[in-house]
Amino acid sequence: MSGLLRKDLYVADKSGRLLLVLALAFSMVPSLGTFGSTYAMMLAFMMPMNSIAYDERCKWDRYAAMLPYRPGQIVWSKYVLSYLFTALAEGILILGTVIRNYFQASVDLSEELQMGLLLVTAMLFITALGLPAIYRFGSEKGRLVLILVMGAGIGVAFAVTNLLEEIPDQPKMSFPVLMLAAAAAAVAATFSSFRLSVYFYQRRQNGAYD
Amino acid sequence: MESNAIEIRGLTKRYKDFTLDHLDLDLPYGCVLGLVGENGAGKSTTIRLIMDALERDGGTVSVLGTDNRSREFLDRKEDVGVVLDGTFVPEVISARQLGKVLAGTFKNWDQAVYDGWISRFELPLDKKFKDYSRGMAMKLGIAAALSHHPRLLLLDEATGGLDPMVREELLETFADFAAQDGHAVLLSSHIVSDLERICDYIAFLHKGKLVLCEEKDVLLDRYGILKCTKEQLGNIPAEAVHGKRVGAYGVEALVERAFMPRDLVVDRANLEDIILYMVKEEKEK
């Protein structure tokens with residue numbers, strides 16, 4: 001699979017570097033708050049989306065199907081690409097925070113790290129949600145579908161949060177427990193998402209969505 | 001070792017508007033098989049089915065002695081070099097980068113061989129693929145296909161749209177490859193003259209059906225062009241006539257020489273004549 005990843009990294013070369021520069025810049029501007037880091041994460045998810053769009057344009061998948069790869073490997077490489085850029089963006093965001101902390105002692109590093117962990121977990125869910133949509137609807141329509149689904153998801157999350165807040169005496173979850181639960185849910189979502197993506201990918205290869 | 005590099009039996013693939021219909025085909029080792037047919041005849045579909053890149057609706061395919069639906073076929077793909085019609089490389093990638101991508105793909109990748117082909121084809125190593133001409137793109141595809149020590153080459157319209165010099169060079173490359181022990185080439189094209197030049201066998205697909213599959217020399221011996229009157233043609237057994245053109249002054253027909261009376265002169269038919277007359281006859285049917 002290293003060949004597939006290498007190809008995607010060559011394709012993502014310029015936009016990937018831009019992402020990393022932006023992530024560093026966002027992390028250095030305190031007034032941006034979580035907006036900057038969230039934006040950097042969203043840019044990270046653009047990498048596999050753009051890569052799939054490139055593949056569609058040059059019919060790379062037709063060629064890849066002739067190479068000694070299983071469909072699952074071809075699809076998984078896009079997940080790995082997303083995780084790779086998420087990790088890189090988060091790493092740079094943390095680096096930026098550490099640099100900022102050096103000059104400005106008031107930065108709460110543990111709070112920033114918690115926020116980073118939350119963002120990375122959210123990215124796992126976005127990847128799990130987004131890639132099947134792209135494989136099913138193609139890179140153009142898939143982006144729109146993803147935006148709609150994410151909008152609906154955020155709406156539902158707000159509604160549920162508001163409802164929960166009205167419940168008196170609810171048990172408080174510690175951050176590590178919350179993160180563990182979220183990570184387990186993300187792994188389950190990724191497993192289902194991957195299977196769905198492979199199914200859609202194979203259907204697309206067979207012309208089911210042409 | 002088995003005698004055929006490819007064995008296809010009853011291969012069927014149904015689309016909404018096209019069916020590849022019970023295809024039977026053999027490609028013996030040491031040979032070049034030309035797959036000829038109009039656009040949309042099913043040539044590319046056949047190649048994709050051979051590599052199990054498409055789900056089939058029926059039939060079996062064996063490639064280099066391995067069932068292409070078996071688990072072992074993934075390893076067998078290492079031994080198959082494929083060149084597809086059109087572009088397939090992302091436009092921002094260079095020949096040098098493609099080499100690195102494929103080095104991470106094939107266990108048998110041979111960088112020295114790749115560099116040798118890149119140099120022989122005079123391809124720029126660092127030029128982006130988007131700046132390649134069609135000829136350069138096809139050469140890059142061929143260099144990639146030949147650089148992991150394949151035993152079988154599948155070439156889908158690999159010579160289409162190329163200038164005669166480049167085509168000549170590539171046809172020589174394919175013929176040299178097939179001549180090596182345990183090698184074989186399947187070359188799909190609608191440029192019949194290319195196929196006539198290097199192929200040992202010709203398979204003719206028309207609207208998803210195999211109209212003929214025969215040794216090229218047998219085909220050229222069997223068929224001829226008869227120029228005669230309508231009356232003379234009427235005296236020839238119908239099964240000997242495989243297509244005709246009726247003009248104001250007479251008839252030109254593709255006929256089987258064995259059935260011809262001695263007093264009629266039958267000219268030599270080239271492969272293009274044979275294919276064109278047969279397509280015409282199929283359309284009239």
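Predicted model: local features only at pLDDT ≥ 70, side-chain atom pairs only at ≥ 80, totals over all residues.
In chain A, helix α5(A), which spans residues 71-103, packs against helix α6(A), which spans residues 109-166, with axes that come within 10 Å and cross at roughly 165 degrees. Because angles over 145 degrees count as roughly antiparallel, α5(A) and α6(A) are described as roughly antiparallel to each other, and their crossing is right-handed. On the α5(A) side, the contact includes Lys78(A), Tyr79(A), Ser82(A), Thr86(A) and Glu90(A), together with Leu93(A), Ile94(A), Thr97(A) and Asn101(A). These residues meet a set in α6(A) that consists of Leu109(A), Glu112(A), Gly116(A), Leu119(A), Val120(A), Met123(A), Thr127(A) and Leu131(A). By residue class, the contact of α5(A) with α6(A) divides into eight nonpolar, six polar and three charged residues.

Helix α5(A) also packs against helix α2(A), residues 13-28, and here the axes come within 8 Å and cross at roughly 30 degrees. The crossing of α2(A) and α5(A) is likewise right-handed. From α2(A), the residues Gly16(A), Leu19(A), Leu20(A), Ala23(A), Leu24(A), Ser27(A) and Met28(A) take part, and they meet residues of α5(A) that include Phe85(A), Leu88(A), Ala89(A), Ile92(A) and Gly96(A). Leu93(A) and Thr97(A) are also among the α5(A) residues in this contact with α2(A), and both are listed in the contact with α6(A) as well. The contact of α2(A) with α5(A) comprises eleven nonpolar residues, four polar residues and one charged residue.

Between the two chains, 20 residues of chain A are in contact with 25 residues of chain B. The elements of chain A that give two or more residues to this side are α1 (2-11), α3 (34-58) and α4 (60-64), and α1(A) gives the most, with six residues. The side of chain A that touches chain B divides into ten nonpolar, five polar and five charged residues.

Chain B contains an open sheet of six strands in the order β6-β7-β8-β3-β9-β10, with mixed pairing. Strands β6(B), residues 80-83, and β10(B), residues 209-215, stand at the edges with a single partner strand each, so one side of each is left without a neighbour in the sheet. From one strand to the next, the twist averages 15 degrees. The pairing of β6(B) with β7(B), residues 152-156, is parallel and extends over four bridges, and within it Leu152(B) is the bridge partner of Val80(B). Helix α6(B), residues 164-179, lies across β3(B), β7(B) and β8(B), and runs at about 150 degrees to β8(B). Helix α10(B), residues 271-284, also packs on the sheet, where it touches β3(B), β9(B) and β10(B), and its direction makes about 25 degrees with that of β9(B).

Chain B is divided into domain 1 (4-207) and domain 2 (219-284), with C-alpha centres that lie 34 Å apart. Nine residues of domain 1 of chain B are in contact with eight residues of domain 2 of chain B. On the domain 1 side, the elements that give two or more residues are α7(B), residues 192-198, and β9(B), and α7(B) gives the most, with four residues. The residues on this side of domain 1 divide into five nonpolar, two polar and two charged.

Conventions
Residues numbered from 1 in each chain as written. Chains lettered and ligands numbered in written order. Axes fitted to C-alpha atoms, helices over the stretch in contact; angles between N-to-C directions. Parallel < 35°, antiparallel > 145°, perpendicular 65-115°, else oblique. Left-handed = near helix turned anticlockwise from the far one by under 90°. Contact = placed C-beta atoms within 7 Å. Nonpolar A, V, L, I, M, F, W, Y, C, P; charged D, E, K, R; others polar. Pairing = 2+ DSSP bridges. Domains from an automatic or database assignment.
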